[in-house]
Structures are given as structure tokens and as C-alpha cells.
Amino acid sequence: MKSTNLISREISVIGLGAMGSTLARLLLRSGYRVTVWNRSIARAKALVEEGAVLASDVAAAIHASPIIVICVHDYKATHSILDTAAVAAALSGKVLLQLTTGSPKEAKDSEAWARERGAAHLDGAIQATPSQMGRPDTFILVSGMEPVFRQCEPVLKVFGGNIVYLGSAVEAASAMDLATLSYLYGAVLGFVQGAHMAEASGIGVDTYSSLVADLTPTFGEFLKHEGNVIQSGNYTVSESPLKISVEATERILQQAREARLNTEFPALAASLLKRAALAGYEQEELAALIKVLREKTDQPTTVA
Ligand SMILES: NC(=O)c1ccc[n+]([C@@H]2O[C@H](COP(=O)([O-])OP(=O)(O)OC[C@H]3O[C@@H](n4cnc5c(N)ncnc54)[C@H](OP(=O)(O)O)[C@@H]3O)[C@@H](O)[C@H]2O)c1
């Protein structure tokens with residue numbers, strides 16, 4: 001593999017959707033010479049007016065810079081863009097900074113694919129929306145070979161102040177992305193259920209959501225503690241016995257039933273907690289719930 005220029009201010013961005021355009025714009029504003037390419041050329045117009053160079057084709061975009069940022073809809077789109085002989089020839093010696101969201105397997109396959117073409121590869125999972133990019137508190141999870149990470153770090157720092165390098169196993173960023181998304185969607189389900197319950201009780205949903213936002217740092221602190229409990233394997237009660245949550249989720253379910261509200265989410269939460277209680281974890285820390293998830297049996301996921 002040819003060596004790449006460690007202090008280059010030249011960069012190419014492939015994919016100019018909401019996120020890719022934002023990345024290209026942030027780079028332009030940071031003084032990079034940005035070459036762009038997008039399937040639909042019209043999307044490049046505004047960026048060209050701001051100083052970007054529009055490549056005539058994908059291979060030209062790759063030729064233009066040592067680091068190539070790609071941020072398109074999914075890996076299928078990535079392959080339809082990059083799987084050509086001209087691109088393969090252009091990729092040798094380049095660094096592919098893959099910011100398209102994908103699975104751990106896709107990240108591994110993409111790294112192997114790049115390696116076969118003489119290119120280095122770094123995988124990143126963006127934890128923010130386009131309007132949240134470029135802030136000191138913007139998180140991006142990154143994994144891949146450390147020298148490649150070091151080479152891309154200045155570019156990543158343009159995209160966000162919180163760059164979390166998860167090590168050389170390239171699939172780590174997407175695996176962690178799925179873990180944080182699991183948390184997010186669990187929280188979204190609970191949040192929407194709470195909004196459903198608040199409005200049924202005549203409480204303004206705006207009042208409820210402000211309260212949730214204000215409580216979130218305290219909840220975050222609690223979740224961090226529960227994570228430490230799981231990591232240590234010591235479930236002796238230190239903050240909150242699981243029993244309290246068995247009763248709380250049962251109350252939420254009961255209220256949803258009495259108010260004739262949707263019960264799907266409360267039923268799931270109450271069911272999992274009840275299973276943990278039946279398994280004998282009531283007097284352990286709440287995090288012991290993970291022992292139920294770890295069960296490798298074909299038993300049903302709900303308790304009647
Ligand atoms: N937006 C967010 O809040 C957010 C947050 C975190 C991560 N991400 C990730 O960032 C990536 C891009 O998201 P986005 O919000 O920029 O999406 P988007 O606005 O929908 O843009 C999608 C991009 O993918 C391209 N594309 C789609 N299918 C293609 C194909 N078959 N061949 C070639 N190009 C194709 C589009 O090209 P055309 O313009 O030609 O259609 C466009 O450049 C995704 O993986 C997403 O998960 C987004």
C-alpha cells in the first residue's frame with residue numbers, strides 16, 4: 001500500500017444526503033479542500049457554490065484525496081458506488097472512512113473488501129443528527145486499525161468533539177451503535193408510552209417531555225451504575241432492588257389497563273421483570289434483569 005499524506009488538507013466526500021452534505025460543509029468551513037460526488041449531481045450544487053470541487057465520477061473523487069469519506073444510505077448503496085474496476089484501481093493507497101450506518105458483519109466485509117484493493121479502512125457510527133454535527137458534544141464511535149484512526153482523527157474532530165475510538169476490531173463501532181440504538185429505542189418506547197399516559201391524565205405532553213429531559217442526567221448516572229454492576233458480576237443490592245421495578249412496571253400496566261390505554265409496552269416490561277422475580281432475582285440489584293435476557297432457552301418471552 002502506498003503511504004498517504006498525514007497532513008493533507010484534501011478530502012473527498014461521497015454521498016451528499018442530509019448527513020454527507022453536512023460533513024462536506026463542515027470540512028469546507030474548516031479549510032479543507034473538499035472534492036464531492038453524489039449519485040444525483042443536483043445535490044452537489046450548493047456545496048460547489050461554497051467551494052467544493054465536483055468530481056466527474058467516483059474514481060475521480062477517490063483520486064483527488066488521500067482520505068475518502070463515504071456516507072450513503074446503506075452498504076448496498078456503498079457497493080453499487082464502489083464496486084467498479086475504475087474505483088478498484090483508484091483506491092490503492094487510500095483511506096476509506098466509512099460513515100455509512102451498517103451491521104458489524106458489513107463493517108468487517110467492507111474492511112476486507114478495501115484491503116483487497118490496497119486501501120485502509122476505518123468504520124464510524126455517527127451518534128447525532130445532521131443539525132447536531134460539528135459540536136463539542138457530538139459523538140462518533142470509531143473502530144479499525146489504530147494508525148488509520150490516527151490519520152483520520154483530525155477529520156473526525158471536525159465532525160464532532162467526542163470521538164470514541166473502540167479499538168482495532170473494525171466491527172466494534174457498529175456493534176456499539178446497535179447497543180446504543182437499543183437503548184435509544186427502548187427509551188423512545190417508554191417515552192411515547194409516558195406521553196400517552198400523560199395526555200390521558202390531562203398533563204401537557206410538553207410539561208412531561210421537559211421533565212424527562214431534566215431527569216435524563218440523573219437516569220444516565222443510574223444506568224451507568226447498573227452497567228458497572230453487570231460488568232462486575234456483583235448483583236448485591238447497591239442502589240435499587242429489582243423487586244421495586246417489578247412492582248413499578250406492574251403498576252404502570254395496571255394504570256394503562258384501567259385508563260383503557262395501549263398496554264403492549266407496559267406488558268412487555270412487566271413480563272420481563274416478573275420473569276426475573278420468578279427466577280429469584282427480586283432481592284438483587286435491578287441490573288440482574290440481564291440474567292433473564294442471557295437465558296438460552298426456547299421458553300416464551302412473556303409471562304401470562
Ligand atoms: N440523518 C441522520 O440523522 C443520521 C444520523 C446518523 C447516521 N446517519 C447515517 O448516515 C448515512 C446517510 O444518511 P443521510 O441522512 O445522509 O441519508 P439521505 O439524506 O437519505 O441520503 C442518502 C444518500 O445515499 C445515497 N444513495 C442512496 N441509495 C443509493 C444508491 N443505490 N446508489 C448510490 N447512492 C445512493 C443518496 O444519493 P442520492 O442523493 O442520489 O439519492 C444520498 O447521497 C446513513 O447510513 C445513515 O444511517 C444519518
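# Strand β4 and its surroundings

Colleague: Which residue in β4 is the bridge partner of isoleucine 11?

Modeller: Isoleucine 67 is the partner of isoleucine 11. Strands here are DSSP runs of E with at least two residues, helices are runs of H or I with at least four, and both are numbered from the N terminus. This is a predicted model, where local features need pLDDT of at least 70, side-chain atom pairs count only at pLDDT 80 or more, and totals for chains, interfaces and linings use all residues. Residues are numbered from 1 along each chain as its sequence is written, and side-chain values use heavy atoms, with hydrogens and water left out.

Colleague: How many bridges are there between β1 and β4?

Modeller: Four, and strand β1 (residues 10-14) pairs with β4 in the parallel sense. Two strands count as paired if DSSP finds at least two bridges between them.

Colleague: And what about β4 and β5, parallel or antiparallel?

Modeller: Parallel, with four bridges joining β4 to strand β5 (residues 95-98). Isoleucine 67 turns up again here, standing opposite valine 95 in β5.

Colleague: Are the β4 side chains buried or exposed?

Modeller: Buried: Ile67 and Val69 point one way from strand β4 (residues 67-70), Ile68 and Ile70 point the other way, and all are buried. Buried means under 20% relative accessible area, exposed means over 50%, and partly exposed lies in between, using a 1.4 Å probe and protein chains only.

Colleague: Change of topic. Where is threonine 35?

Modeller: Threonine 35 is in strand β2 (residues 33-37). Threonine 35 counts as buried because its relative accessibility is 3%.

Colleague: What is threonine 35 in contact with, leaving aside neighbours within four places in sequence?

Modeller: Its contacts (heavy atoms within 4.5 Å) include Ile11, Ser12 and Val13. Val53, Ala55, Ala61, Ala64 and Ser65 are also in contact with threonine 35.

Colleague: Now the chain as a whole. How many helices and strands?

Modeller: The chain has 12 helices and eight strands. Of its 304 residues, 42% are buried. The C-alpha trace spans about 65 × 40 × 30 Å along its principal axes.

Colleague: What domains does the assignment give?

Modeller: Domain 1 covers 4-168 and domain 2 covers 204-293, with bounds that come from an automatic or database domain assignment. Taken over C-alpha atoms, the centres of domain 1 and domain 2 are separated by 39 Å.

Colleague: What share of contacts between residues at least 6 apart in sequence join residues at least 24 apart?

Modeller: For this chain, 63% of those contacts do.
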